[in-house]
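Biologist: Please take me through the side-chain contacts of this model, with the criteria behind each term.

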Amino acid sequence: MRKESFLYRVFDLYYDGFRSMRLGKTLWAIILIKLFVIFVVLKLFFFPNFLKQHAEGDEAGYVATELTERAAE
C-alpha cells in the first residue's frame, strides 16, 4: 500500500493512536471482557437451545407446525 493512500493514512492514524494509549488500552480490555461475558457466558448458561430440546431433529417441521397451530388459534 502506498503511503499517500487514504487507507494507509487512516490505518496509521489508528495504529499510532492505539500504540501511545495508556488508559485507553485498559478501557478496551474492559470492553472486550464485557462483550465476551455478554455473548458467550450468558448464551451458554441462560439461553438454552430451545429447538434442539423440542424439535427432536426436525427443526424446520417443528417451526412450521408451531406457526400454523398458533395462526389457527
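This is a predicted model: local features need pLDDT of at least 70, side-chain atom pairs count only at pLDDT 80 or more; totals for chains, interfaces and linings use all residues.

Modeller: Residues are numbered from 1 along each chain as its sequence is written, and side-chain values use heavy atoms, with hydrogens and water left out.

Biologist: How many aromatic pairs does the structure hold?

Modeller: Rings of Phe, Tyr and Trp (its six-membered ring) pair if their centres lie within 6.5 Å; planes under 30 degrees apart count as stacked, over 60 as edge-to-face and the rest as tilted. By this criterion, the number of aromatic pairs is 3.

Biologist: Which class describes the pair of Tyr-14 and Phe-18?

Modeller: Tyr-14 and Phe-18 are 4 residues apart in helix α1 (residues 6-19), about one helical turn; helices are DSSP runs of H or I with at least four residues, numbered from the N terminus. Their ring centres are 6.5 Å apart and their planes lie at 25°, so the pair is stacked.

Biologist: Which class describes the pair of Phe-18 and Trp-28?

Modeller: Phe-18 in helix α1 and Trp-28 in helix α2 (residues 23-46) are 10 residues apart, and their pair links distant parts of the chain. The ring centres are 6.0 Å apart with planes at 65°, so the pair is edge-to-face.

Biologist: Is Trp-28 buried, partly exposed or exposed?

Modeller: Buried means under 20% relative accessible area, exposed over 50%, and partly exposed in between (1.4 Å probe, protein chains only). The relative accessibility of Trp-28 is 43%, so this residue counts as partly exposed.

Biologist: Which residue forms a salt bridge with Arg-19?

Modeller: A salt bridge requires a side-chain nitrogen of Lys or Arg within 4 Å of a carboxyl oxygen of Asp or Glu, and the whole structure has 2 of them. For Arg-19, the closest N and O atoms are 2.8 Å apart, and the partner is Asp-16.

Biologist: How far apart are the closest N and O atoms of Glu-66 and Arg-70?

Modeller: Both residues lie in helix α4, 4 residues apart, about one turn of the helix. Glu-66 is partly exposed at 23%, whereas Arg-70 is exposed at 59%. Their salt bridge has its closest N and O atoms separated by 3.5 Å.

Biologist: What distance separates the C-alpha atoms of Val-63 and Leu-51?

Modeller: Val-63 belongs to helix α4 (residues 59-72). Leu-51 is 12 residues from Val-63 along the chain, and the C-alpha separation is 8.4 Å.

Key: Helices (H or I, at least four residues) and strands (E, at least two) are DSSP runs, numbered from the N terminus.
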